[in-house]
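Visitor: Hello! Could you walk me through a model, a few questions at a time?

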Amino acid sequence: MSDSEDMTEFASIVERIERGEVPIKNIERELICPICKELFTHPLILPCQHSICHKCVRELLMLNHEDSFDAGSECSMPGSPRSRVPSPSMERLDRLVRSGSISSPGWRRGSVTPRVTTIPCPGCQHDIDLGERGISMLFRNFTLESIVERYRQAARAAVAIMCNICKPPPQEATKSCMDCKASYCNECFKLHHPWGTPKAQHEYVLMCPEHEMEKVNMYCEVCRRPVCHLCKLGGSHANHKVTTMSSAYKILKEKLAKSIHYLISKEDQVRTQITGLELLINQTEENGQLAERRANEHFERLFETLQERKSEMLRSIEQSRNRRLDQLKGQVEEYQGMLENSGLVGYAQEVLKETDQSCFVQTAKQLHVRIQKATESLRTFHPSADPCFDEFVLDTSKEETLLKEMCFGGVPDPPLIDLSNSKVYNEASICWRLSDDHLPTDHHVLEYRRLGGPSQSPSQEDGEDSGVWRATDRVYGPSTVVCDLDPNSLYAFRVRSCRNSMFSPYSPEVTFHTPPAPAFGFLFSDKCGFSTERLILNKRRDTVENVAGMVFLLAADRVQTGSYIGLDYIIGDTGISQGRHYWAFKVEPYSYMVKVGVASDSKLLEWFHNPRDTSSPRYDHDSGHDSGSEDACYDLSQPFTLLTLGMGKLFIPKASSSSSSTANAQPGDPGNRVLPLPQRLGVCLDYDACRVYFYDADTMRCLYERQVDCSGTMYPAFGLMGSGKVQLEEFVTAKRLTF
């Protein structure tokens with residue numbers, strides 16, 4: 001067939017495709033570039049009427065001469081995409097040249113003076129001279145481009161091959177038998193090719209569900225399914241990563257073998273779990289039957305109660321009806337006697353016929369009384385009984401609502417104690433929360449027990465209250481208060497919910513340590529030495545904040561002369577002159593420097609009324625610096641003790657072992673003297689023992705303790721430098737512990 005006949009036939013096919021007479025899936029071979037063996041991308045029409053991809057033409061010119069490629073490509077199709085389809089490799093073009101597929105006089109690899117504008121046509125083997133204009137002289141084959149695009153769309157929308165044997169609705173076919181000439185799903189293939197029969201020897205292949213005549217020979221790693229080469233070429237897997245079927249077979253087989261080996265190695269564990277599941281099945285069956293019996297008992301009691309009430313009510317209605325009927329019937333008989341010739345009137349008429357005066361007078365007297373009563377009854381007539389039974393009308397709307405709202409959801413979910421909102425001192429405020437999708441509950445019950453404490457004697461440990469759970473009354477909200485807790489003791493708490501007389505499991509137990517002394521209530525004092533220029537006190541007087549404002553900035557000018565800026569002090573409005581007391585507060589982590597502790601009234605007068613700007617921070621004992629003079633002074637009992645906090649840290653002062661102690665650090669170890677700042681800090685002052693303790697208020701762990709001179713009235717003291725904030729605990733600001 002000549003070239004002109006080929007072009008005529010191709011043009012005829014194109015026209016038939018455009019009219020829809022030829023299925024587009026039957027012309028894949030006509031849509032593949034002879035150079036790159038892929039679907040055409042921006043095809044160009046050569047003078048011989050064959051088409052080649054734009055990039056393939058560029059590659060051919062590149063092999064012929066670099067300069068010719070640059071001259072032609074820069075001026076041809078500047079708007080055409082250049083990276084949509086991969087370019088053919090140089091090795092592939094070399095193979096075509098060596099095989100003679102595109103050999104021509106114009107293709108001379110070793111030529112010194114090659115014809116830079118001549119390329120061989122891979123379709124007709126003719127040399128194509130592009131002339132001086134190069135690629136720019138070639139036209140794009142827009143018709144072929146549109147057909148290729150339509151083919152891509154048709155390939156993406158291809159319908160899977162269905163099983164030829166399945167009853168409607170048919171399943172997708174997975175195998176095609178070459179001998180039976182039919183496609184099967186897995187089940188139908190096993191049914192029609194039973195093992196041990198001649199049909200079991202039939203040759204079968206996996207056919208591509210998108211291309212009926214193509215066998216699957218690749219594996220798409222994105223979709224995890226076998227595909228054919230047409231799927232990769234222009235179908236729905238064109239841009240997916242694929243691998244060879246043999247490689248996929250090897251990898252998947254290794255994975256499956258490892259998984260099977262793992263399961264076999266865990267056979268004992270699987271058997272143990274099966275035994276556990278069988279035990280759970282038996283327990284579920286038994287518990288289900290028990291729940292059914294209990295539910296039947298509950299409803300039987302309800303039915304019995306309703307039946308008793310029903311019988312009692314019907315009996316009362318019957319008695320009332322009979323009584324009223326008797327009364328009305330008696331009244332009817334009475335009124336019938338008033339009729340002529342019957343009853344009382346007839347009898348009176350007969351008495352009037354009596355002629356004997358003495359007998360008449362004797363009988364008529366009593367008869368006249370009866371006639372008068374009948375006459376009066378006639379004038380003031382009213383029924384002797386009410387026919388209405390309103391007193392027996394029941395309003396069961398509330399009961400019906402309760403029955404309709406009766407929940408059969410089983411055991412309610414256990415609540416969880418909220419640690420962030422629960423507080424424990426000498427009284428405990430315990431809060432809990434329910435799950436987000438919980439059903440309404442009737443009430444809650446909180447239980448608590450004492451686990452022990454350092455102050456507990458052996459006799460108390462053996463007592464009946466030790467370790468025994470004690471329950472509160474019913475709680476209808478999410479929190480409650482437990483009173484009269486022992487100081488310096490460890491308590492455990494748990495809670496459970498109740499719905500329809502069914503209790504949930506207990507919540508996980510949580511433990512709280514009570515403070516070593518009763519809570520001491522006070523507020524920040526806004527009078528004694530309080531600096532309104534630098535300290536901001538809220539209206540409730542439970543929070544104080546130091547703001548490094550303009551006053552602080554102006555005072556900082558003296559740093560150049562060796563001076564330093566002092567602390568701004570604030571104290572509690574209540575003093576301590578006896579006993580053992582505890583209070584807690586929170587210092588914000590961003591605070592630069594905060595000092596907390598206790599101070600006597602005499603020391604406070606010195607701080608507030610004799611302010612000084614000294615040349616060295618070593619001057620004052622509470623400066624917070626690790627100086628030699630400070631260490632020497634801490635060996636003595638002072639009328640104040642302040643602990644330094646700041647920048648998210650807590651600093652333990654240097655002191656001798658005779659006057660102070662810490663829980664974690666040796667006195668001479670500087671590294672262990674810096675601790676993380678607790679979320680809440682507690683202070684306990686034992687006035688009679690002249691000793692002060694500092695605690696982590698969340699765990700009640702003693703961080704530091706030391707001797708203090710309690711010769712006067714002691715006050716909670718706080719000093720702030722730079723930005724900082726101190727907030728008293730709620731139980732402290734309440735003056736007495738209330739929640």
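This is a predicted model: local features need pLDDT of at least 70, side-chain atom pairs count only at pLDDT 80 or more; totals for chains, interfaces and linings use all residues.

Visitor: Which strands are the edge strands of the open sheet of six strands?
Guide: Happy to start there! The order of this sheet is S23-S33-S25-S26-S27-S29, with antiparallel pairing. On average, neighbouring strands are turned by 25° against each other, direction ignored. An edge strand pairs on one side only, and that applies to S23 (568–571) and S29 (674–676).

Visitor: What is the bridge partner of Val596 in S26?
Guide: Strand S25 covers residues 593–600 and strand S26 covers residues 640–646. The two run antiparallel and are joined by six bridges. Within S26, the residue bridged to Val596 is Leu643.

Visitor: Which residues have the most contacts inside the largest nonpolar core?
Guide: You have already met one of them, Val596.

Visitor: Is Ser504 buried or exposed?
Guide: Ser504 sits in the loop between strand S19 (502–503) and strand S20 (510–513). Leaving out residues up to four places away in sequence, Ser504 touches Val411, Pro412, Asp413, Pro414, Pro415, Arg496 and Ser497. The cut-off for a buried residue is under 20% relative accessible area. Ser504 has a relative accessible area of 4%, so Ser504 is buried.

Key. Residues are numbered from 1 along each chain as its sequence is written. Side-chain values use heavy atoms; hydrogens and water are left out. Two strands pair if DSSP finds at least two bridges between them. Helices (H or I, at least four residues) and strands (E, at least two) are DSSP runs, numbered from the N terminus. Axes are lines fitted to C-alpha atoms, for helices over the stretch in contact, and angles run from 0 to 180 degrees between N-to-C directions. Buried means under 20% relative accessible area, exposed over 50%, partly exposed in between (1.4 Å probe, protein chains only). Contact means heavy atoms within 4.5 Å. A nonpolar core is a set of buried Ala, Val, Leu, Ile, Met, Phe, Trp, Tyr and Cys residues joined through side-chain atoms within 4.5 Å.
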